[in-house]
Amino acid sequence: MDPRQRELAARIAGRRGAVRGPFRVWLHSPEMCERAESLGAFARFDCSLPKHLRELTLLMAARNWDAQYSWNAHVHQAVEAGIPEAAVKAIAEKREAVFEDAADQAFYRFCREILEEHFVADETFARALEHFGAKALVDAIGALGNFTMLGMCLNTFQVDLQADKEPPFPDIRGYGRVTADRDDDGPRP
C-alpha cells in the first residue's frame, strides 16, 4: 500500500476493528474508499434511524443484491437489535416479512417498494412519513443506497463468503444463482 492507502486502512481499522470485506477492495481507489467509508459510517452509526432499522436496511439491501458477506456479517446484529427472527427468515427467503409494530411494518414496506419496484406508492410514502418524518426517510434512502453499493462491490469482487457461515439464501451458492445445471461458483482467481 502507498502512504494514502495505509492512512485510510489505519483509520478504518480504528473505527471498525479491522480492514475487512469491501474496504480491502475500495482501498484500491483511496478517494472512493474514503467517501464510501464516510457514507457507510453515517448509515451504520450516525443516521437518524434507530439501530434496528439501520440493520434492517442493511439486510434488505444485502438480500436484494444477494450479498452474502453483508448478510452474514449483520444478521445476528439485526436480531440482537430487535428484528424478529421470523422477519429475517422471510427476507432471506424472499417472502413478505411481517412486523407487529406498525412503524416497523411501514418502514419495511417503504424499503421493499423502493428496492423492488424502484418507486414508492403514495400511500406507502405517507404512512412511512407519518411514522418517521422526512429526515429519517432521507436517511433510509441514503442507507439503502450505501448498502446497495456495498453489495455490488462484494459480489463483483467476490469478497470472501466467510467459510464458517451457513449460506444464507436458498437460491444462491458461491457467486451465482442455483440452477438445475449449476450449483456452485467458486471465487475468482
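User: Why is Arg112 called buried?

Analyst: This is a predicted model, in which local features need pLDDT of at least 70, side-chain atom pairs count only at pLDDT 80 or more, and totals for chains, interfaces and linings use all residues. Residues are numbered from 1 along each chain as its sequence is written, and side-chain values use heavy atoms, leaving out hydrogens and water. Buried means under 20% relative accessible area, exposed means over 50%, and partly exposed is in between (1.4 Å probe, protein chains only). Arg112 has 13% relative accessibility, so Arg112 counts as buried.

User: Where is Arg112 found, and what does Arg112 touch?

Analyst: Arg112 is in helix α7, residues 102-117. Helices (H or I, at least four residues) and strands (E, at least two) are DSSP runs, numbered from the N terminus. Contact means heavy atoms within 4.5 Å. Leaving out residues up to four places away in sequence, Arg112 touches Met60, Lys94, Arg95, Glu96, Ala97 and Glu117.

User: Which residues of α1 are buried, and what puts them on the same side?

Analyst: Gln5, Leu8, Ala9, Ile12 and Arg16 are the buried ones in α1. They cover an arc of only 105° around the axis, so they sit on the same side of α1. The arc is that of the directions from the helix axis to the C-beta atoms. The face of α1 turned away from the buried side carries the exposed residues Pro3, Ala10 and Gly14. Among what covers the buried residues of α1 are α2 (22-26) and α3 (30-46).

User: What makes Arg16 buried, and what joins Arg16 to Glu37?

Analyst: Arg16 has 17% relative accessibility, so Arg16 counts as buried. A polar contact of 3.3 Å joins the side chains of Arg16 and Glu37. A polar contact is a pair of N or O atoms within 3.5 Å; within protein, one must be able to donate a hydrogen and the other to accept it, and residues adjacent in sequence count only if both atoms are side-chain atoms. Beyond its neighbours within four places in sequence, Arg16 is in contact with Phe23, Glu37, Gly40, Ala41, Arg44 and Phe45.

User: Why is Cys33 called buried?

Analyst: Cys33 has a relative accessible area of 0%, so Cys33 is buried. Cys33 lies in helix α3. Not counting residues up to four places away in sequence, Cys33 touches Leu8, Ile12, Phe23, Trp26 and Leu27.

User: What is the phi of Asp66, and why is Asp66 called buried?

Analyst: Asp66 has a positive phi of about 55°, although Asp66 is not a glycine. Most residues other than glycine have a negative phi. Asp66 lies in the loop between α4 (51-64) and α5. Its relative accessible area is 9%, so Asp66 is buried.

User: Why does Gln158 count as buried, and where does Gln158 lie?

Analyst: Gln158 has 11% relative accessibility, so Gln158 counts as buried. Gln158 lies in the loop between α8 and β1 (172-173). Phi of Gln158 is near 45°, a positive value in a residue other than glycine.
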